[in-house]
Amino acid sequence: MFRIDVITIFPELFETFRQTSLLGAAREAGTLSIETHDLRSYTEDVHRSVDDEPYGGGPGMVMKPEPLVRAIEELAGEKGPDREARGAFVVLLSPQGRRLDQKEVRSLAGRSHLVLVCGRYEGIDQRAIDLAVDQELSIGDYVLSGGEVPAMALIEATTRLVPGVIGNPESLVVESFEKGMLEGPSYTRPAQFRGQSVPEVLRSGDHGKISRWREERARERTQERRPDLLEQRPPSGEKR
Ligand code: JDQ
């Protein structure tokens, strides 16, 4: 069982997401559990405050450390080797984190319990991060308004690698980023559309030829759009 707990002030953002086919099926099969936890329920003041003004002044608000650390420790335990030994790993989504890539996704999918912390406002008290978070991750170099959308991206990317979550494991390994290359073009019916035809080779029935053609198109597209991916690739045949 792969368990994901999400700490957020907007748990309702995850409701329809949790019901999407892949995640819903895995939850019903008992291979996956995704629970959200309202950060406000971990506050102890009458106003249920999760933010406060920044020390040193400046615009915006900062997330208070107490409810965050209380929530994380209740769900994952105290930071340290015992927590990691249980397979629990606490990730804070933030623009200051290391960039999430497929290699990191594979590593996260190898854990058994992820606690995802979604911030809001302009920052999080550094002491909460130091005390309770194992890793800060960003999904890309652009600024969102909170960690919820990044958390959903991380959940989709990791859960599809968890055995038993995707129905067909064959459709997985051959995919673009798992090979360190982009996918080439795909086609479906009709064979002719607005004067453009499906490449003849794909309708030839020669699977060896089709496979080589796809490999060439993938390489061509990767060279054109993402040459950085080809530079990172190990010599052919080696697993990344
Ligand atoms: C939060 C914000 C100004 C943060 C608050 C919490 N890849 C990625 N982009 N943006 C985020 C992640 C992200 C994640 C969590 C977040 C943005 N903000 C907004 C505003 C400075 C820092």
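How many aromatic pairs does the structure hold? The structure holds zero. To count as a pair, rings of Phe, Tyr and Trp (its six-membered ring) need centres within 6.5 Å; planes under 30 degrees apart would be stacked, over 60 edge-to-face, and the rest tilted.

Hi everyone, and a word on what we are looking at. This is a predicted model, where local features need pLDDT of at least 70, side-chain atom pairs count only at pLDDT 80 or more, and totals for chains, interfaces and linings use all residues. Residues are numbered from 1 along each chain as its sequence is written, and side-chain values use heavy atoms, with hydrogens and water left out.

Let's start with the overall layout. The chain is assigned domain 1 (2-159) and domain 2 (173-232), with bounds that come from an automatic or database domain assignment. Taken over C-alpha atoms, the centres of the two domains are 36 Å apart.

One ring does have a partner of another kind. Arg 111 places its charged end over the ring of Phe 89, 3.7 Å from the ring centre. For that label, NZ of Lys or CZ of Arg must be within 6 Å of the ring centre and within 35 degrees of the ring normal.

Now, the ligand. Around it are 17 residues, and the closest are Tyr 121, Ile 139, Gly 140, Tyr 142 and Leu 144; being near takes a heavy atom within 4 Å. By class, this shell has eight nonpolar, seven polar and two charged residues. Here Ala, Val, Leu, Ile, Met, Phe, Trp, Tyr, Cys and Pro are nonpolar, Asp, Glu, Lys and Arg are charged, and the others, Gly among them, are polar. Strand β5 (residues 88-99) gives the most to the shell, with three residues; strands are DSSP runs of E, at least two residues long, and helices are runs of H or I, at least four.

Which polar backbone atom is 2.7 Å from a ligand nitrogen? That atom belongs to Tyr 142. A backbone N or O atom of Gly 140 lies 3.1 Å from a ligand nitrogen, and Leu 144 also has a backbone N or O atom 3.1 Å from a ligand nitrogen. The protein buries 86% of the 480 Å² that the ligand exposes when taken alone, by the Shrake-Rupley method with a 1.4 Å probe.

Finally, the peptide bond from Arg 189 to Pro 190 is cis, with omega near 5°. Most peptide bonds are trans.

Note on methods:
Polar contact = N/O pair within 3.5 Å; in protein donor to acceptor, adjacent residues only side chain to side chain.
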